[in-house]
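Me: I have a structure open and would like to go through it with you. Can we start with the overall picture and then go into details?

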Amino acid sequence: APAAVLLDLMMPEIDGVDVLKELQRRHPALPVIILTAVNEVSRAVEVTKLGAYDYLVKPIDQERLKTTLNRAVSHGNLSDEVVRLKTELGDRYDIKNIVGSSAAMRHVYSQIEKVLSSDITIFISGESGTGKELAAKAIHYGSLRSDEPFIDVNCAAIPEGLQESELFGHEKGAFTGALATHPGKFEQAAGGTIFLDEVGETEPGMQVRLLRVLQDGEIRPLGSSETRKVDVRVIAASNRDVRQAGEEGRFREDVYYRLRVVEVQIPPL
C-alpha cells in the first residue's frame, strides 16, 4: 500500500470523491490529499468529512505540497504503528495466553469468553498475584471495546482524600492547588474499560459516587454542579472478601451487588 495518495477531484471516467470513498473503504488509515482547481468551501468540507487528510487548490505551491506530503506520510506511519501496537496488545492479553490448564482455570476461561461480546459489569475475585489484572485485560482486549482505552486504577494506592478527584476529575479552583480542570480516570476511559483494582479500599463517600456511575452512567467532577454521561465498561477486583466487608458496614452492599453482575473467581496458585 502507498504511504500517501495525491488525488485529483476532476478526472475522466470517474469522480475523485468516488475514488476517495473506495480508498477509505479499503485503507481507512491511508492519508489522501485532494487536489482541485475549484476553491469551494462546501467541496472542501465534503471531502474532509469523507476522511481526506488535506485539500489543496491549484496552482499548487510546491513547498506547501512537500510539507503536506511529509506530514501525511508521518501521519500514515503513526497510524500504522498504532494499529501494530493495538494488535500486539490484543495478542499479548489474549485469553489463550493466561497460564493454567487446571479444571478451575478452564472454568475461568469459559466465564471470560461468555462476557467478551457484552458490556456487562464484571467483578474479579482472587488472592494477590493470581492474575486478576491479566484477566481484566483479556476481557478488554477480547471485547468490542479493544480499540478504546484500558485504564487501570489501583484504588488502594490513592490516598482517601484524593480518590474522588482521581476517579471523577475536578474543576479549576475546586480545592487548594487545583490550578486547572483535570479529567478523572472515568473520563480518560471513555469508550473503553476502567479496571478498579482493590475496589474494597475505596472510602464510603467514594462508594456513593461509584454507585451513580454503575446505576446511571453519570459522573460529577469535584467542584462541578453538573453531571456528565460516561460510556465506560467497569471491571472491578479485590483480594479481600468484599461481601463480608459489606456485612460489617465497611463497603456498601448495593455497590457490591452492582459490581458483581458477573463474578469471575481466580483460583489460588
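Me: What share of the residues of the protein chain count as buried?
Reply: Of its 269 residues, 41% count as buried. Keep in mind that this is a predicted model.

Me: And how many helices and strands are there?
Reply: Ten helices and ten strands.

Me: What about the accessible surface, how much of it belongs to carbon and sulfur atoms?
Reply: The accessible surface comes to about 14,900 Å², and 50% of that belongs to carbon and sulfur atoms.

Me: What fraction of the contacts is between residues 24 or more positions apart?
Reply: 66%, taken over the contacts in the chain with a separation of 6 or more.

Me: OK, sheets. What is the strand order in the open sheet of three strands?
Reply: The order is β1-β2-β3, and the pairing is parallel. β1 (5-8) and β3 (54-57) are the edge strands; each has a single partner, so one side of each has no neighbour in the sheet. On average, neighbouring strands there are turned by 25° against each other, direction ignored.

Me: How many bridges join β2 to β3?
Reply: Four, with β2 covering residues 32-36. At the residue level, Thr 36 stands opposite Val 57 in β3.

Me: Which strands does helix α1 lie across?
Reply: Helix α1, residues 16-26, lies across β1 and β2. Its direction is at about 150° to β1.

Me: Where is Ala 37 found?
Reply: In the loop between β2 and α2 (41-49). Ala 37 has a relative accessible area of 57%, which is over the 50% cut-off, so it counts as exposed.

Me: What does Ala 37 touch, not counting residues up to four places away?
Reply: Val 57 and Lys 58. Val 57 is also the residue opposite Thr 36. Pro 59 is 22 residues from Ala 37 in sequence, with a C-alpha to C-alpha distance of 7.3 Å.

Me: Changing topic: how many aromatic pairs does the count come to?
Reply: Five. One of them is Tyr 141 with Phe 150, a tilted pair at 6.3 Å centre to centre with 35° between the planes. Phe 150 also pairs with Phe 195, and that pair is stacked, at 6.3 Å and 25° between the planes.

Me: Why does the Phe 150 and Phe 195 pair tie together separate parts of the sequence?
Reply: Phe 150 is in strand β5 (residues 150-154) and Phe 195 is in strand β6 (residues 193-197), so the pair links parts 45 residues apart in sequence.

Me: Which residues form a cluster through ring pairs?
Reply: Phe 123, Tyr 256 and Tyr 257.

Me: On to the largest nonpolar core. Which residues touch the most other members?
Reply: Phe 186, Ile 194, Leu 196 and Leu 259, out of 28 residues in that core. The elements giving two or more residues to it are β5, α6 (163-168), β6, α8 (204-216), β9 (233-238), α9 (242-247) and α10 (253-259). α8 gives the most, with five.

Me: What is Phe 186 in contact with, leaving aside neighbours within four places?
Reply: Its contacts include Leu 167, Phe 168, Ile 194, Leu 196, Leu 210 and Val 213. Ile 219, Val 232 and Val 234 are also among them.

Me: What other core lies apart from that one?
Reply: One of 16 residues, among them Ile 122, Ala 136, Ile 139 and Ala 237.

Me: Ala 136 and Ile 139 are buried residues of α5. How many of the residues of α5 are buried?
Reply: Eight of ten, so α5 is largely enclosed by the rest of the structure. The buried ones include Lys 132, Lys 137 and His 140.

Me: Last one. Where is the place of Leu 144, and is Leu 144 buried or exposed?
Reply: Leu 144 is in the loop between α5 (132-141) and β5. Its relative accessibility is 78%, so Leu 144 counts as exposed. Leaving aside neighbours within four places, Leu 144 is in contact with Leu 116 and Ser 117. Its C-alpha atom is 9.0 Å from that of Gly 192, which is 48 residues away along the chain.

Methods: Residues numbered from 1 in each chain as written. Predicted model: local features only at pLDDT ≥ 70, side-chain atom pairs only at ≥ 80, totals over all residues. Heavy atoms only, no water. Buried < 20%, exposed > 50% of the residue type's maximum accessible area, 1.4 Å probe, protein only. Contact = heavy atoms within 4.5 Å. Areas by Shrake-Rupley, 256 points an atom, 1.4 Å probe, with all protein chains shown as cover. Pairing = 2+ DSSP bridges. Axes fitted to C-alpha atoms, helices over the stretch in contact; angles between N-to-C directions. Phe/Tyr/Trp six-rings, centres within 6.5 Å; stacked < 30°, edge-to-face > 60°. Core = buried A, V, L, I, M, F, W, Y, C linked by side-chain atoms within 4.5 Å.
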